[in-house]
Amino acid sequence: MNDITEQSGIENPGGGIGYGGRPAPAAFQPALTAVDTLDAQVHDIVTCDPGPVSQALAAAGHYAIKRHVLIPGFAIAGIVGLLAGQRDLRRAGSVGVAGLVMTAAASRSIKRYVKRRRPDECEPRRKPGWRISARSLPSGHAASAFAAATALASVSRSPAQSAMIYGTAAVLAGGRVVKHRHWASDVMAGALLGTAITLLARRILPR
């Protein structure tokens, strides 16, 4: 278990993912070890030879789905929608800003508590001189991507359009694995977090 734990970037060797610097409860460790093993296998397959297209998408996602880019973008869209009388644009902007801000706060809190190492912060994948932040779970980029996708899907006109929106978010978020910055389960956790919180924001905000 120590070898698996070290390879998959866990903060507490032999203790599962760990919470607040402490090992995970013993009852959770078999399941967490299975997740760690699968994460390591998926990561090495994806990063073995990603190709120029995957690398380009990963680079684009690194910048396009940052909350520092998305929050101002949705704020501007909401203001334009308000001034122009465009209900859908105003709605997407307000839901997007609320969802992204709430998602960012939740993601940062979880990262501090779980303390999981990123792939490039642990052996045998660690980059020379790379500082250990232990802030891998959940992926903030993935959370932001799916928060934005949920805000856009809230004013979507068709299931096909919503599928395209979420598909784009998934491709960009998946680039975080290609970029060697997150495990696959980090991306999935971020996607679920961003979607759930933005759905809540959509429900709370008045139309």
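**View 1. Ser 107 is a buried residue of helix α5.** Ser 107 has a relative accessible area of 4% and counts as buried (under 20% relative accessible area; exposed is over 50%, partly exposed in between; 1.4 Å probe, protein chains only). Its helix, α5, spans residues 87-114. Helices here are DSSP runs of H or I with at least four residues, strands are runs of E with at least two, and numbering starts from the N terminus. Which residues does Ser 107 contact, leaving aside neighbours within four places in sequence? They are Pro 138, Gly 140 and Leu 193. Contact means heavy atoms within 4.5 Å.

The model is predicted: local features need pLDDT of at least 70, side-chain atom pairs count only at pLDDT 80 or more, and totals for chains, interfaces and linings use all residues. Residues are numbered from 1 along each chain as its sequence is written, and side-chain values use heavy atoms, with hydrogens and water left out.

**View 2. The chain is built from helices.** It has 8 helices and 0 strands. Along the sequence the pattern reads α-α-α-α-α-α-α-α. Buried residues make up 44% of the 207 residues. Among contacts with a separation of 6 or more, 70% come from residues 24 or more positions apart. The accessible surface is about 10600 Å², and carbon and sulfur atoms hold 65% of it. Accessible areas come from the Shrake-Rupley method with a 1.4 Å probe; for residues, only the protein chains shown count as cover.

**View 3. The largest nonpolar core has 19 residues.** A nonpolar core is a set of buried Ala, Val, Leu, Ile, Met, Phe, Trp, Tyr and Cys residues joined through side-chain atoms within 4.5 Å. Leu 70, Phe 74 and Phe 146 touch the most other members. Helices α4 (67-84), α5, α6, α7 and α8 each supply at least two residues. Helix α6 gives the most, with 7 residues. Beyond neighbours within four places in sequence, Phe 74 contacts Ala 92, Gly 93, Gly 96, Val 97, Leu 100, Ala 148, Ala 151 and Leu 152.

**View 4. Phe 146 and Tyr 166 form a tilted aromatic pair.** Rings of Phe, Tyr and Trp (its six-membered ring) pair if their centres lie within 6.5 Å; planes under 30 degrees apart are stacked, over 60 edge-to-face, and the rest tilted. The count by this rule is 1 aromatic pair. Its ring centres are 6.1 Å apart and its planes meet at 35 degrees, so the pair is tilted. Phe 146 sits in helix α6 (residues 140-153) and Tyr 166 in helix α7 (residues 159-178), so the pair ties together parts 20 residues apart in sequence. Phe 146 is buried, at 11% relative accessible area. Tyr 166 is partly exposed, at 25%.

**View 5. Val 53, Leu 57 and Val 171 form a nonpolar surface patch.** Together they have about 250 Å² of accessible area. Patches take residues with over 30% relative accessible area and no salt bridge; like charges are joined within 9 Å, nonpolar side chains (Val, Leu, Ile, Met, Phe, Trp, Tyr) within 5 Å. A salt bridge is a side-chain nitrogen of Lys or Arg within 4 Å of a carboxyl oxygen of Asp or Glu. Val 53 lies in helix α3 (residues 51-64). Val 53 is exposed, at 59% relative accessibility.

**View 6. Lys 179 lies in the loop between α7 and α8 (184-204).** Lys 179 is partly exposed, at 34% relative accessibility. Lys 179 and Leu 57 are 122 residues apart in sequence, with C-alpha atoms 9.9 Å apart in space.
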